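Biologist: I am new to this structure. Please take a close look at one part for me, its packing and its charged pairs.

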Amino acid sequence: MNRKTVKMVYFSPTGSTKSLVQAIARGTGFDDIEPIDITRPSAREKSLRTSEDDILLVGVPVYMGRVPALIQSWLESITAQNTPAVCVVVYGNRTYANALLELKDILRKRGCIPFAGAAYIGEHSFSS
């Protein structure tokens, strides 16, 4: 596998999701890692394009067992071309329910090929 860039996308209000996807990205062994922080609304104004030469790593927190509705339209604007993808969800005080499956389905519909997924426990986004 000779990939050019790991596009590391994360929505991380508390920083937990960011920390996890950074660790996963470092673990890939690829030197070219492009962080794409979609936490702030202004960062979601531009959509993302990927190719089969990229690896897309997407990490999101879980809200009520789902991918946050706040970022769903941005995720659904991704344009991919047979891009290998890794799906990561971070949950807190309850189950991650269908969030991992939902993220996989969104990315598959956008042209990605999800090949790995993980659910991690982290600080909940609604923590005080």
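Modeller: What follows starts with the packing and ends with the charged pairs. This is a predicted model, so local features need pLDDT of at least 70 and side-chain atom pairs count only at pLDDT 80 or more, while totals for chains, interfaces and linings use all residues. Numbering runs from 1 along each chain as its sequence is written, and side-chain values use heavy atoms, with hydrogens and water left out.

Take the largest nonpolar core. Such a core is a set of buried Ala, Val, Leu, Ile, Met, Phe, Trp, Tyr and Cys residues joined through side-chain atoms within 4.5 Å. Buried means under 20% relative accessible area, exposed means over 50%, and partly exposed lies in between (1.4 Å probe, protein chains only). Here the largest core holds 26 residues. Among those with the most contacts inside it are Val9, Leu75, Leu103 and Leu107. Two or more residues come from each of β3 (54-61), α2 (69-75), β4 (83-91) and α3 (99-109). Helix α3 contributes the most, with five residues. Helices (H or I, at least four residues) and strands (E, at least two) are DSSP runs, numbered from the N terminus.

Now zoom in on Leu107. Leaving aside residues up to four places away in sequence, Leu107 touches Leu56, Val58, Ile78, Ala85, Cys87 and Cys112. A contact means heavy atoms within 4.5 Å. There is also a second, separate core of 10 residues, including Ile55, Val86, Val88 and Val90.

Next come the charged pairs. The structure has three salt bridges. Each puts a side-chain nitrogen of Lys or Arg within 4 Å of a carboxyl oxygen of Asp or Glu.

Start with Arg66 and Glu102, whose closest N and O atoms are 3.0 Å apart. Arg66 sits in the loop between β3 and α2 and Glu102 in helix α3, so the bridge ties together parts 36 residues apart in sequence. Glu102 is buried at 10% relative accessible area. Arg66 is partly exposed at 46%.

Lys7 pairs with Glu34, again with closest N and O atoms 3.0 Å apart. This bridge links strand β1 (residues 5-10) to strand β2 (residues 33-37), and the two partners are 27 residues apart. Lys7 counts as buried, at 10% relative accessibility, whereas Glu34 is partly exposed at 32%.

Asp105 is partly exposed at 31%. Lys104 counts as partly exposed at 25%.
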